[in-house]
Amino acid sequence: MKFLFDDDDDEWAEEEEEEHEPEAADDGENVAEISIEVLLDQLTYEGGSAGVGSDLASICRRIASPFPAEEGVDCAVANIVHLRRTNVLVSNHMGTMAQCRGPAGERLREAGAVDALLLALFRLLVGGPACSCHGVSLPDVVRGDDRPNRAAAYSSLQDTVAGVYRDRLGCELPSGDVLLRALQNSALDLATSALGGVRDLACGSAGNRAAILQWRPPDGPGGVRNGAELLGAYIRRYHGIDWRDIVLGLRFEDEDESVKGASYTKRGVKELRLLTNTLGCIRNSSHSTSDLCEAFYSFGLVDLLTWRLIGNVGKRAIGRLPRLPDASSPWREACFRCACALINISEKNECTAKKVGTNRELTLLLIESWGGVNMNDIRATKRGLPPLHLGLVAILNAARDEAPEGDVDDVVHYVLEREKMRKGVARANNLIQRRSR
């Protein structure tokens, strides 16, 4: 059995369970959409300017560059191409763990990679400086959101973009909102890649984790004060929407009504991936970093993660023990990352440990994510009993200390006793080894 909460976050990165990507239905893709993709790909890669070069400082400046703000015929296309070129840069230079770990990760931070990625994420969340009808931001999520619905504005652009389309492809631009859909997909893809870069940079690097908290947004609206709050805002973006509704597209503006709710949508799959990467960022950045954990708690992230985990895991309870999703659920890895983040934050933040420890259902889910409990088997393996993550120990101690006298939960008591047994065996083995030398 793989234990996801080993004290060394490097092992999490190497052994992380492969994510189960759901297959999306055809949510309205047609000849028009495929054709405009051809045009946008041509514009993105023409001149070889999308992702070539080894000067990290220059690359980070390009990632952090603002969205095109000019008003005119090509503004919408320019914004989409900018998003795609930026995504290529992120993917080429920060798209793998090997590019972000060790000395390579330190060089990226010194070049400004953490700040550049967070700035791009901030702009996507709050909206770019472009004119209102062409503004660049992540698409709306919850119905009733006070952001304007830009579908009508983009439909009015069809005539102005048609000339570019006709010149490049030699055919007419069909009617519809294909341009809006291309903008939404490009924004989601860039946000997902940027979050993946932040996640990998935070893994195994205290300096990169500190840089996340030290980042400050530009002056103006946004509602976040640092990188920790920015990551929390990405979690808050999905608050109140359960996992299934995310992948089915039930709560998204501009989703094709003909497929909404019938099967996984392409938009829904992208949104789930984005959320999963955000949870990975929080998991890695909260590892052994007290000030970040304090910032997460102050933002209200613990409550957001608690709702995300216990309100959405599915009702597969066996007896009285709640269960996390099985491998058939596309959001299984996201749930484990969510659990891991709560355990990491609890290790370094006493208030979180107490809040989590007094929630029995959540505590039992976190025990399951650590490896579960078999009440009838207390035998050690050949390697001994598996150690508890220090964050989980803090949660269980809080659950025991906050319980009424004589009313400690049986599962909590058992796991703590087993940890005491493990420590006793480890101390005895160490003593034997020292005496044998």
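The following exercises, each with a worked solution, concern selected residues of a predicted model.

Residues are numbered from 1 along each chain as its sequence is written, and side-chain values use heavy atoms, with hydrogens and water left out. Local features need pLDDT of at least 70 and side-chain atom pairs count only at pLDDT 80 or more, whereas totals for chains, interfaces and linings use all residues.

**Exercise 1.** Determine whether Asn344 is buried or exposed, and find the polar contact of its side chain with another side chain.

Solution. Begin with the location: Asn344 belongs to helix H17, which spans residues 332–348, a helix being a DSSP run of H or I with at least four residues. Next, the relative accessible area of Asn344 is 0%, so Asn344 is buried (under 20% relative accessible area, with a 1.4 Å probe and protein chains only). Finally, the side chain of Asn344 makes a polar contact with the side chain of His389 at 3.1 Å, where such a contact is a pair of N or O atoms within 3.5 Å, one able to donate a hydrogen and the other to accept it, and residues adjacent in sequence count only if both atoms are side-chain atoms. A polar atom of the Asn344 side chain also lies 2.8 Å from the backbone oxygen of Arg283.

Conventions
Helices (H or I, at least four residues) and strands (E, at least two) are DSSP runs, numbered from the N terminus. Buried means under 20% relative accessible area, exposed over 50%, partly exposed in between (1.4 Å probe, protein chains only).
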